[in-house]
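Okay, thanks for making time, everyone. Let me put the model up, and then I'll walk through a few spots in it.

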Amino acid sequence: MPFSPGPNMYSSNHPKFFILTILLTLLVLCSSSSAVREPGAIESLLNLLDSKKPSPSVQELAAKGVLRRLLPTHLSSFDFKIITKDVCGGKSCFQISNCKNSSGESSEIKIKGTTAVDIISGLHWYLKYWCGAHVSWDKTGGTQLGVVPKPGSLPPVKDDGLKIQRPVPWNYYQNVVTSSYSYVWWDWERWEKEIDWMALQGVNLPLAFTGQETIWESVFAEFNVTKSDLNNFFGGPSFLAWARMGNLHGWGGPLTQNWLQMQLILQKKILSRMLELGMIPVLPSFSGNVPAALKEIFPKANISRLGDWNTVNGNPRWCCTYLLDPSDPLFVKIGEAFIKQQIKEYGDVTDIYSCDTFNENSPPTSDPAYISSLGSAVYNAMSKADKDAVWLMQGWLFYSDSSFWKPPQMKALLHSVPFGKMIVLDLFADVKPLWKSSSHFYNTPYIWCMLHNFGGNIEMYGILDAVASGPVDARVSENSTMLGVGMCMEGIEQNPVVYELMSEMAFRNDPFQLEEWLTSYSRRRYGKVVNQVEDAWKILHRTVYNCTDGIADHNKDYIVEFPDWDPSVNRNLVGTQPNGRFFLLETGSSLPLPHLWYNNQDAINALKLFIDVGTELSKSLTFRYDLVDLTRQCLSKLANEEYLNAIHAFLDKNATALSFHSLKFLKLIEDIDKLLAADDNFLLGTWLESAKHLALNADEMKQNEWNARTQVTMWYDNTKHLQSKLHDYANKFWSGLLEEYYLPRASTYFTRLLKSLKENKDFKLDDWRKEWIAFSNKWQAGTEFYPVKARGDALSIAKDLYQKYFG
């Protein structure tokens, strides 16, 4: 989750600091040799990880399990077999061929793979490109498998079949905050579906962060930290990701023993299934984030208190966590104990550990010797417990704090461990690829990643051209150290086209015609050839899914992120409206402008093509999802224009125009809510009920629901007249949330704005804030039920709204 860097994480006033800086200069000289590639280091790592995988029979059975859950009618139609990498030219691969049924067996298609994941990837490839089938998340329309021929009639492959190698070993999945934005309320049934989805997409290196608080409870007990001490350390369920990263403590908590135990049980099921499929799970490691009690227990330890992280008044009850300096001997002891405890609970399941000690926090000095010593200490904490440990690090810090991380500092950190013992995630490579400006991270192995989504927001967005070409360009470039591709979105279950394309890049060696791929995608997704929607996708490709301006904040629509802004004070605005698009030129104003990288009329034209064939595709859940999402997208951009029109009317002191445009803005919220209510995948109730479902008693139910409501709205603490700095960061276009939360907010604001104009008085921003924040606090603590089933005809509603606003 990209936020502004906080204050320094280490104190340069510590008495050992300057001595360490001098003494550890030698570490740079010692570690600099790691900049040279060690022959066979990566191959040795891959072979070691392969040796941890289960037997072929276990993996084949796990692959059959995925087929049983996906397509139970065809369980006998496919024959699965694990093969060695030698058969695939030394790489991971899958092979698809026809079965030779001389013995009368029912199997029609044989799929071989180096792991169960590769077998299931081959199954997915066959279903897509021979049967025209489609698989996406349930919340983005689900599967389109009705086109798969009946058993006995599957289309054969040509000649000797097909073999596809992975051009790079790994396909990484998840962001450290996805666990809170998307997975937090999942039970095993939902996780099982997700792991199946991972296997179908070829994911073989997933993050596995569930349940780590239970591990930490055991570890900190060894250092005399009590359960009571941890109540103010762990965050609540919806905020665990940021408590883990040391951004906050205690917010939304405390965690109950029921939660801790359930999550540990869930993690063991997750790991078991990942391992059966031949995946390599990435486990957490110690980053230095410690409970406040540790400073009292170990008064001589080098523990610093961090600064405020996005609270309103720097309330120490939630902010300003404690961080143990990696140079302190206690750091290695705790880090070693944590990994040993994981091995004790889970077994020897991996050698890859995620750690982001320096993420959005800078060391007190840019001295490369000191930075190298810190990196060495972090790695030492891992390797003491697991001699084969590999440090997986998000490369976000090199982008978010580029003014600090210059080449000498980057090299010092990246080369502080032996070659092959650190892997960097080029986290934002779809927009800001760092491998280009850092000579492939100065010869350090890395994974080309697509970040794509922030906060789990619902917004049609993507850079399909970059996704289709970026990984290939990085891999074939001179002296490339690229080891994989990855999907590192903050939230999932949106923009399915982007994730299907990105997943395929794990198996594509060369550039390809993206427009042809999109045509094929349209036919698979909707189960038939429909020229109008294929034309619509061509429009969407060059507009909505062609954001090339490098701006990350593409989720700022005024409905879901309403400006906390006083136009009475900020009057210096100039408005123009060329070609039906509204612009405000800011001169000293604090009004945020939504990000729009295309002409909304183009998206409306694509929507018209969708609506024209709605009757023909009305039974397709995937089509309905896309229709609702595109209609929502077009209307939300229109709402942005109406908001700006209303503000312009206020500045012109035109009460009639202000009333007209503000009422139209409010009506758009109501209409979009009605549209979203007609699709199961856009409902607030689903999120809230899943939170309550995990509760075992009334108190847990109340806490879980508050966590769920707060994350998608105010997010963090506030005062009576100041909103949380992160309010609306995790905004959602969900029915129920629009009508019951966003609509009252906008209505209150415009009512007060119109009143101030009619009375010729300045708008009283603080009064509006007090009213709104009081409402929000009450809503966050509410328990009213929201529907979990759609109501209304989405196609009919979309047609009516198109005619009403664009016809």
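**A walk through the model**

Let's start with Glu 493, which sits in the loop between β15 (482–487) and α20 (496–504); helices here are DSSP runs of H or I with at least four residues, strands are E runs of at least two, and both are numbered from the N terminus. Before going on, the housekeeping: this is a predicted model, where local features need pLDDT of at least 70, side-chain atom pairs count only at pLDDT 80 or more, and totals for chains, interfaces and linings use all residues. Numbering runs from 1 along each chain as its sequence is written, and side-chain values use heavy atoms, with hydrogens and water left out.

Is Glu 493 buried or exposed? Glu 493 has a relative accessible area of 15%, so it counts as buried (buried is under 20% relative accessible area, exposed is over 50%, partly exposed is in between, with a 1.4 Å probe and protein chains only). Its phi is near 65°, a positive value in a residue other than glycine.

Asn 760 also has a positive phi without being glycine, near 55°. You'll find Asn 760 in the loop between α28 (737–758) and α29 (765–780), and with a relative accessible area of 63% it is exposed.

While we're on backbone: the peptide bond from Gly 253 to Pro 254 is cis, omega near 0°. Pro 254 belongs to the loop between α10 (240–244) and α11 (257–276).

Now the inside. In soluble globular proteins, nonpolar side chains tend to be buried together. Here the largest nonpolar core has 277 residues, where a core means buried Ala, Val, Leu, Ile, Met, Phe, Trp, Tyr and Cys residues joined through side-chain atoms within 4.5 Å. Which residues have the most contacts inside it? Those are Trp 391, Tyr 643 and Phe 665. Helix α24 (residues 621–651) gives the most to this core, 16 residues.

Zoom in on Phe 665. Leaving aside neighbours within four places in sequence, Phe 665 is in contact with Tyr 558, Ile 559, Phe 562, Ala 639, Glu 642, Tyr 643, Ala 746 and Phe 750; contact means heavy atoms within 4.5 Å.

Next stop, helix α16 (residues 407–414), where Gln 409, Met 410, Ala 412, Leu 413 and Leu 414 are buried. What do they pack against? The buried residues of α16 pack against α14 (368–383), β12 (390–394), α15 (396–400), β13 (422–426) and α18 (439–443).

Now a helix pair. The axes of α26 (residues 684–693) and α27 (residues 698–711) come within 8 Å and cross at roughly 150°; axes are lines fitted to C-alpha atoms, for helices over the stretch in contact, with angles from 0 to 180 degrees between N-to-C directions. That makes α26 roughly antiparallel to α27 (over 145 degrees; under 35 is roughly parallel, 65 to 115 roughly perpendicular, the rest oblique). On the α26 side, the contact uses Trp 687, Leu 688, Ala 691 and Lys 692. From α27 come Met 701, Asn 704, Glu 705, Ala 708, Arg 709 and Gln 711.

Last one: Thr 548, in the loop between α22 (531–542) and β16 (573–576). At 62% relative accessibility, Thr 548 counts as exposed. Thr 548 and Leu 464 are 84 residues apart in sequence, and 9.9 Å apart in space, C-alpha to C-alpha.
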